[in-house]
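User: Please take a close look at the nonpolar side chains of this model and what surrounds them. Kindly state each cut-off where it is used.

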Amino acid sequence: MPEKEVIHIEGFDGYTKIHLIDNSKKVSSYNIGKYEKMTSNIFYKCDKSHIVNLEKVRHFEK
């Protein structure tokens with residue numbers, strides 16, 4: 001799937017959930033570390049379980 005369609009990537013229990021712009025989700029048996037290595041610099045790993053597409057960020061909350 002094209003990176004521009006991915007909003008964020010979420011790791012859970014050794015699996016990865018990929019959240020897409022059409023509000024669908026894909027589940028992968030790969031762990032989040034595999035996706036961290038595969039993504040480009042438009043993605044940022046903000047904690048151990050989440051990688052976000054910086055082009056899709058609308059705002060930050062404190």
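Analyst: A nonpolar patch joins Val, Leu, Ile, Met, Phe, Trp or Tyr side chains within 5 Å, from residues with over 30% relative accessible area and no salt bridge (a Lys or Arg side-chain nitrogen within 4 Å of an Asp or Glu carboxyl oxygen). The model is predicted: local features need pLDDT of at least 70, side-chain atom pairs pLDDT 80 or more, while totals for chains, interfaces and linings use all residues. Residues are numbered from 1 along each chain, and side-chain values use heavy atoms, without hydrogens or water.

Tyr 44, Leu 54, Val 57 and Phe 60 make up such a patch, together exposing about 440 Å² of accessible area (Shrake-Rupley, 1.4 Å probe, only the protein chains shown counting as cover). Tyr 44 belongs to strand β4, residues 43–47 (strands are DSSP E runs of at least two residues, helices H or I runs of at least four, numbered from the N terminus). Its relative accessible area of 47% makes Tyr 44 partly exposed, the class between buried (under 20%) and exposed (over 50%).

Inside, the largest nonpolar core has 9 residues, among them Ile 9, Leu 20, Ile 32 and Phe 43; a core links buried Ala, Val, Leu, Ile, Met, Phe, Trp, Tyr and Cys through side-chain atoms within 4.5 Å. At least two of its residues come from each of β1 (6–12), β2 (15–20) and α1 (32–38). Beyond four places in sequence, Leu 20 contacts Met 1, Glu 5, Val 6, Ile 7 and Lys 26 (heavy atoms within 4.5 Å).

Glu 10, in strand β1, is partly exposed because its relative accessibility is 21%. Glu 10 touches residues including Ile 32 and His 50.

Technical notes: Buried < 20%, exposed > 50% of the residue type's maximum accessible area, 1.4 Å probe, protein only. Patch = residues over 30% accessible without salt bridge, like charges linked within 9 Å, V, L, I, M, F, W, Y side chains within 5 Å.
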